[in-house]
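This report goes through a structure with its sequence alongside.

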Amino acid sequence: MKKKLNVIWNAIIPNNPVLIISIGLCSVIAVSNSVQSALLMTFAFAMVQIPSNIIVSAMRKIIPNEIRVPIFVTVIAAFTTIAALISQAYFNAVYQIIKLYILLVVVNCIIIGRAEAFAYQNGIFDSFLDGVGNTIGYGLVLVTIAVVRELIGKGALAGIQILPDSYQPMLLMVLPPSGFIMIGILTGAIETYLRKKGGKK
Amino acid sequence: MKSVVKFAITLGLIAAITGFALAIVYQITKPIIEAQDLKALEQGLSEIFPGDYEFVKLDKPISSKDPSVQITESYLVKDKSTQKNVGMVARVVVPGSQAPIEMLVGIKSDGTVSGVKILKLNETAGLGANADNPKYYVDKKNKITFLGQFIGKNVEKDKLIPKEDIIAMSGATITSRAISTGVKVAGQAIVSYLKEAGQ
């Protein structure tokens with residue numbers, strides 16, 4: 001049981017896809033300036049990451065090694081399209097804002113990276129847990145950054161005005177550079193934590 | 001050679017299965033998405049011309065003089081009681097900073113803008129996306145939104161150029177310019193159509 005939990009934990013903190021492995025940054029920076037966008041993006045990410053991990057793992061014995069990448073991409077592309085259609089049908093308002101980034105989940109390095117590095121070599125249940133862990137790891141970073149950026153950049157949270165009208169929003173925080181700044185701060189924090197815990201260096 | 005055939009069959013099979021799965025999801029979500037688009041269009045039309053009007057879709061949309069501004073649909077606006085033309089609404093597509101912007105431009109018979117409504121917008125959140133934000137005021141004192149400032153402007157007499165007679169959105173010059181050009185070009189096309197039809 002502990003081993004299974006470890007699979008999830010590993011993907012959230014010690015091997016966080018965004019902060020430690022530093023992949024899939026484009027979408028993180030692009031959609032993390034509002035909490036609503038971040039939540040829908042996490043939903044779309046989960047809709048692709050978890051099922052594609054399961055399918056790749058289930059088919060790992062019949063996928064020929066030489067053509068595994070095109071097969072991964074086909075599976076991921078199918079789930080991305082499904083996620084996009086569902087988002088458009090049920091969360092249309094937010095979907096219209098971040099449409100492009102949901103469609104770009106298809107080439108998100110995290111998903112294809114997990115298919116290649118984990119699901120292709122591990123059992124279905126472990127791959128499912130790995131998908132869940134990576135989704136949490138990705139979503140947690142995305143939402144944390146979005147809360148800070150939306151609060152400082154717009155004075156709002158999830159589209160609801162929180163700070164008084166007299167607060168002058170800081171434009172930089174909704175622009176892409178603040179995404180990099182926030183990722184830098186969080187990476188610093190998580191590295192410090194890991195080093196203290198592991199006694200590294 | 002043998003393995004190539006095997007690869008082709010495996011890949012083909014997987015593609016066929018995923019294609020089938022996609023078709024099912026598409027069929028399920030299609031009516032919901034279409035209903036949303038239609039609702040947005042109807043809502044937009046009645047927002048631009050509030051009141052008792054009938055919208056008659058033209059078989060062939062009016063043509064635009066600027067190749068970057070496409071008019072995909074146009075609706076004659078008729079007063080329900082008198083059956084007289086009071087104006088026209090054009091569905092316009094202009095290139096935005098990231099993806100095409102789709103909007104409705106409504107012009108009254110006298111050439112003034114009755115309203116502008118965005119249907120599809122993929123601009124940067126917090127910047128260009130503010131074009132559609134009902135709480136983003138370019139004129140904070142009078143609570144006028146970016147689109148609101150077009151209302152009442154004359155498409156023939158006014159320039160409709162950002163930073164001249166249109167207040168641009170901060171950080172979104174391209175979006176501001178694209179929408180202003182779209183309103184201007186579509187407006188002029190409507191005015192010349194209405195003039196011809198009136199004769």
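In which kind of contact do the side chains of B:Glu47 and B:Lys117 meet? They meet in a salt bridge, with 3.5 Å from N to O. The model is a predicted one, and the values given here are computed from it. The two partners belong to distant parts of the chain: B:Glu47 sits in helix H1 of chain B, residues 2-48, while B:Lys117 sits in strand S5 of chain B, residues 113-120. They are 70 residues apart. Over all chains, a search of the whole structure gives 11 salt bridges.

**Chain A**

Chain A contains 8 helices and 2 strands. Along the sequence these follow the order α-α-α-α-α-α-α-β-β-α. Taken along the principal axes, the C-alpha atoms occupy a box of roughly 60 × 50 × 30 Å. Chain A has 201 residues, for which a compact globule would have a radius of gyration near 17 Å; the 18 Å of chain A therefore agrees with that expectation.

Helix H7 of chain A runs over residues 124-154, which makes 31 residues. From its first C-alpha to its last, H7 of chain A reaches 43 Å, close to the 45 Å expected at 1.5 Å a residue. Just after H7 of chain A comes A:Gly155, with a positive phi of about 70°.

**The interface between chain A and chain B**

How many residues of each chain are in contact with the other? The count is 27 residues of chain A and 20 residues of chain B.

| Quantity, chain A with chain B | Value |
|---|---|
| Buried area | about 2200 Å² |
| Share of that area from carbon and sulfur atoms | 72% |
| Salt bridges | 0 |
| Residue pairs in polar contact, both at pLDDT 80 or more | 1 |

On the side of chain A that touches chain B, helix H4 (68-90) and helix H5 (92-103) of chain A each supply at least two residues. H4 of chain A gives the largest share, 12 residues. By type, the residues on this side of chain A divide into 18 nonpolar, 6 polar and 3 charged.

The salt bridge of B:Glu47 and B:Lys117, by contrast, joins two residues of chain B.

Conventions
Residues numbered from 1 in each chain as written. Chains lettered and ligands numbered in written order. Heavy atoms only, no water. Contact = heavy atoms within 4.5 Å. Buried area = accessible area lost by both parts, 1.4 Å probe. Salt bridge = Lys/Arg side-chain N within 4 Å of Asp/Glu carboxyl O. Polar contact = N/O pair within 3.5 Å; in protein donor to acceptor, adjacent residues only side chain to side chain. Helix = DSSP H or I, 4+ residues; strand = E, 2+ residues; numbered from the N terminus. Nonpolar A, V, L, I, M, F, W, Y, C, P; charged D, E, K, R; others polar. Expected span 1.5 Å × (residues − 1). Rg over C-alpha atoms; globule rule 2.2 N^0.38 Å.
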